[in-house]
Amino acid sequence: KATPERLKALQTDSWSSWDCPPKTFDWEYDVEEIAYVKEGHVKVITADETVEISAGDIVTFPAGLQCTWKVLKTIRKVYTFR
């Protein structure tokens with residue numbers, strides 16, 4: 001889970017925002033993305049595992065990741081690419 005100090009160090013205030021209502025869709029990351037989830041709940045499903053992400057989580061998605069997003073509760077996040 002994120003702490004105020006970690007969010008400040010990452011400068012999340014300057015990141016882009018994105019939100020999505022409940023739905024399921026396939027996604028592939030061309031570049032690495034780091035995201036801070038402000039609200040919501042999602043399952044990210046890969047060929048190897050299923051990871052649940054929810055409010056307060058900081059997540060890194062590696063370049064090349066192919067996955068399915070199953071948004072269970074409207075998600076609101078900020079993100080940046082590396």
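Which residues line the largest pocket? The legends below take up this pocket and then the cysteines of a predicted model.

**Figure 1. Lining of the largest pocket.** The residues that line the largest pocket are W18, F25, W27, E28, Y29, D30, V31, E33, W69, K77, Y79 and F81. The volume of this pocket is about 230 Å³.

**Figure 2. Strands that contribute to the pocket lining.** Two strands, β2 (23-28) and β6 (66-81), each supply at least two lining residues of the largest pocket. β6 gives the largest share, four residues.

Figure 3. Among the residues in the lining are the tryptophans W18, W27 and W69. The lining also includes E28, D30, E33 and K77.

**Figure 4. C20, a cysteine in no disulfide.** Searching the whole structure turns up zero disulfides. For C20, the nearest cysteine sulfur belongs to C67 and lies 12 Å away. C20 is buried, and its relative accessible area is 3%.

**Figure 5. C67, seen from its own sulfur.** The closest cysteine sulfur to that of C67 is in C20. A disulfide needs the sulfur atoms within 2.5 Å. C67 is buried as well, with a relative accessible area of 5%.

Definitions and conventions
Residues numbered from 1 in each chain as written. Predicted model: local features only at pLDDT ≥ 70, side-chain atom pairs only at ≥ 80, totals over all residues. Heavy atoms only, no water. Buried < 20%, exposed > 50% of the residue type's maximum accessible area, 1.4 Å probe, protein only. 1 Å grid on protein atoms, 1.4 Å probe; cavity = no way out; pocket = protein on both sides within 12 Å on 5 of 7 lines; lining within 4 Å. Points joined across faces, edges and corners; volume = space filled by probe spheres on them.
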